[in-house]
Amino acid sequence: KARQSLPLRLRGTVTTPSGWKNSFFLQDATAGIAVDLVDEKSNFKAGDLVEVAGESEPGRFAPSVLAARVRTIGRGAFPKAKLFGMRELTGGNQDSQWIELEGLVRTTHVQTIWNRRVLVLNLDTGDGLATARVLDFAGDQQELVDAVVRVRGVCGTVYNDRRQFVGIRMFVPSLREILVVKAGYRNPYEAPLRELDALLQF
């Protein structure tokens, strides 16, 4: 149905830019959705309350909005983030929604993605791996490695060229949306010693 280019008019809060050109995610009281701008000169920040006029498009995985005009009308309220497990996200049913995900940070690094420098966290949720892209950050945040964190952000979907779900990546506006639940070891040798033959048992 989204392929029919249906006219749309929406009002909601920008949860975060995606990092792709000037596209962003929008959420109102009902749900969240990705918005692609025709005017690439426009720039919107997380928390902006905006009105969007445009039309529907099928998107590369989930339906999205092709916006002809976006107008900032103030500051909006962020939706409450529900904590999800990785298994609940499989299939992409929470694509573009503002959520919370908990995991162990395996690695952090700064990477240029879509011509923008972002901080990438690789998370082990216990039920699978996910990445989080943080747009507003300082440094490579190596102190987060081995920490258990809760990440608030937009649930993005990794997919292939056949529109099939492959994995989860989160879009996070800033480091303020990362809560350390349990700090990692400053020195990796502080971790408790375990014998090799004790691993992978029932």
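What follows is a chat about the contacts, pairings and cores in a predicted model.

Reader: Before we start, what should I know about the numbering and the cut-offs for this predicted model?

Author: Residues are numbered from 1 along each chain as its sequence is written, and side-chain values use heavy atoms, with hydrogens and water left out. Because this is a predicted model, local features need pLDDT of at least 70 and side-chain atom pairs count only at pLDDT 80 or more, while totals for chains, interfaces and linings use all residues.

Reader: OK, how many salt bridges does a search of the whole structure find?

Author: The search finds 9 salt bridges, where a salt bridge is a side-chain nitrogen of Lys or Arg within 4 Å of a carboxyl oxygen of Asp or Glu. One of them joins Asp-127 to Arg-87, with the closest N and O atoms 3.4 Å apart. That pair links distant parts of the chain, since Asp-127 sits in the loop between strand 8 (116-124) and strand 9 (129-136) and Arg-87 in helix 1 (residues 86-89), 40 residues apart. Helices (H or I, at least four residues) and strands (E, at least two) are DSSP runs, numbered from the N terminus.

Reader: And is Arg-87 buried or exposed?

Author: Arg-87 is exposed, with a relative accessible area of 66%, whereas Asp-127 is partly exposed at 42%. Here buried means under 20% relative accessible area, exposed over 50%, and partly exposed in between (1.4 Å probe, protein chains only).

Reader: Which residue does Arg-106 form a salt bridge with?

Author: Arg-106 forms a salt bridge with Asp-124, and the closest N and O atoms are 3.0 Å apart. This pair also links distant parts of the chain, with Arg-106 in strand 7 (residues 98-113) and Asp-124 in strand 8, 18 residues apart. Arg-106 is partly exposed, its relative accessible area being 44%.

Reader: What about Arg-152, which residue is its salt-bridge partner?

Author: The partner is Glu-177, and the closest N and O atoms of the two are 2.8 Å apart. Arg-152 lies in strand 10 (residues 148-159) and Glu-177 in the loop between strand 11 (165-174) and strand 12 (178-182), so the pair ties together parts that are 25 residues apart in sequence. Arg-152 is partly exposed at a relative accessible area of 29%, while Glu-177 is buried at 14%. Both belong to a network of salt bridges that also takes in Glu-100, Glu-102 and Arg-150.

Reader: Switching to strands, how many bridges join strand 7 to strand 10?

Author: There are 7 bridges between strand 7 and strand 10, which run antiparallel, and two strands pair if DSSP finds at least two bridges between them. Within this pairing Glu-100 has Arg-152, in strand 10, as its bridge partner.

Reader: Which way does strand 10 run relative to strand 11, and what joins them?

Author: Strand 10 and strand 11 run antiparallel and are joined by 6 bridges, and Val-154 has Phe-171 in strand 11 as its bridge partner. The two strands form a hairpin with 5 residues between them, and Arg-163 in the turn has a positive phi of about 65°. Strand 10 also runs antiparallel to strand 12, with 4 bridges joining them, and there Val-148 is partnered with Lys-182.

Reader: Now the inside: how many residues has the largest nonpolar core?

Author: The largest nonpolar core has 21 residues, and Val-149, Val-151 and Met-170 have the most contacts inside it. A nonpolar core is a set of buried Ala, Val, Leu, Ile, Met, Phe, Trp, Tyr and Cys residues joined through side-chain atoms within 4.5 Å. The elements giving two or more residues to this core are helix 1, strand 7, strand 8, strand 9, strand 10 and strand 11. A second, separate core of 11 residues includes Leu-26, Leu-37, Ala-67 and Val-70.

Reader: What does Val-151 touch?

Author: Not counting residues up to four places away in sequence, the residues that Val-151 touches include Ile-99, Leu-123, Met-170 and Glu-177, contact meaning heavy atoms within 4.5 Å.

Reader: Last one, is Thr-108 buried or exposed?

Author: Thr-108, which is in strand 7, counts as buried at 7% relative accessibility. Its side chain reaches the backbone oxygen of Asp-140 at 2.7 Å, and a polar contact of 2.9 Å joins the side chains of Thr-108 and Gln-142. A polar contact is a pair of N or O atoms within 3.5 Å; within protein, one must be able to donate a hydrogen and the other to accept it, and residues adjacent in sequence count only if both atoms are side-chain atoms.
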